[in-house]
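Visitor: I'm new to this one. Could you walk me through it?

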Amino acid sequence: MEAVIQRAKELLEQGEVKAVLGYAKGTGSARRPHFARQAGQLDKLVMDEACVQNLAVYVTKHEVKKLGKVAVVALPVTQRAILQLMAERQLRDGSLAILAVDDGAVKELDSASALEEHLALKAQVLNAKDKASLADLEAMDQGQRWAYWQKELSRCMKCYACRNTCPMCYCDHCTMDCNRPQWVPVASHGIGNLEYHMVRTMHLAGRCVECGDCGRACPVGIPVHLLTIGAEETVHELFGQRAGHKAKLDYALSTFKTDDKESFIR
Amino acid sequence: MRVLRVPCTGRIDYMMVLKALHKGADGVIVSGCHPNDCHYTSGNYHARRRWMVFKKMMEVMGVDMRRITFSWVSAAEGARWAQLVNEVTDQVRALGPYTEFRQVIGAGIE
């Protein structure tokens, strides 16, 4: 962590960045995001196993963009999210200083191409727990899956924490907030919850970087991340592309190949 | 059966399918021109990709996919269209009302 703080200090003092975004101690063992705008605030930064949040969610906010160039302490998921945001033209190439901390040593990545190269070094691996949960879901029959999701989603109160914590959910105008026409009912009753989660999943298919923050953000413990990760894996299987690995990526659902293979259209 | 006319399969938002089920439909046919036959050049190719992802998502959610039929039928295939509609309506009648889904529509509404 000292190396990160040292480098961040240099960047701040030389005026290369206006702020450093990293993790600081939160309540109990939790870690919270921390913006250091002066060198004196840098010693609050921590880096350990408990730092899991995808900080890329902050870098598209107007308040943060307004600051100017920001340095971000970036885990691999954060790096993928930032690269995907660049591919979707939500961030300008070179608008962030990315301090990659995945190998213990600090690596500074300033451009989309540097990020791409860095990410290509390591294969993206789904964690064992999510992999097992997805396999369990796959093994259920249709009725069991329906019952499983109905039971889980019955706890949903539509707080939209899963949406708000997602770095890819950056739209100023979200379908969920649109009431003319109102496609998805606002209330958190059966059909409102079901349609919300279906739409969220579809909107993230081909764009999800599989950080799992949506599941972690859920206050009632619904494994909503399984839906988006599952959809992302589907896109990878069907179309052979993954979000967050390329600086230029055509969104899977707005492009096509004439030989896309399916077996269910009669 | 109720027909919803759209200009192209590319216009078929998956929300329309969800809304049909929400409004109490027991089965849905999603249909349009064959690939390579698109008036708008590539609408059905885009639609095909969307349906591939949508179908998988619906399966993961546990929706009964016997109730949603995807089929390519061109405007010149009147007989094929009639046959498809007859087949699907028979099939959906045999399945009966989609009670699982209807329970969810009513759930949580006092």
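Visitor: How many residues of chain A are in contact with chain B, and how many of chain B?

Guide: Keep in mind that this is a predicted model. Contact here means heavy atoms within 4.5 Å. Going by that, the tally is 44 residues of chain A and 42 residues of chain B.

Visitor: What area is buried between chain A and chain B?

Guide: The size of an interface is often given as the accessible area lost when the parts come together. Here carbon and sulfur atoms give 69% of that area. The total is about 4,000 Å².

Visitor: How many salt bridges are there between chain A and chain B?

Guide: In one of them, the side chains of Glu195(A) and Lys19(B) meet at 3.3 Å, N to O. Between chain A and chain B, the count is four salt bridges.

Visitor: Which element gives the largest share of the side of chain A that touches chain B?

Guide: Helices 6, 7, 9 and 11 of chain A each give two or more residues to that side. The largest share is 10 residues, and the element behind that share is helix 9 of chain A.

Visitor: Which residue lies over the face of Phe239(A)?

Guide: Look across to chain B for this one. At 3.9 Å from the ring centre, the residue is Arg49(B).

Conventions:
Residues are numbered from 1 along each chain as its sequence is written. Chains are lettered from A and ligands numbered from 1 in the order in which they are written. This is a predicted model: local features need pLDDT of at least 70, side-chain atom pairs count only at pLDDT 80 or more; totals for chains, interfaces and linings use all residues. Side-chain values use heavy atoms; hydrogens and water are left out. A charge sits over a ring if NZ of Lys or CZ of Arg is within 6 Å of the ring centre and within 35 degrees of the ring normal. Buried area is the accessible area (1.4 Å probe) that two parts lose on being put together, summed over both. Helices (H or I, at least four residues) and strands (E, at least two) are DSSP runs, numbered from the N terminus.
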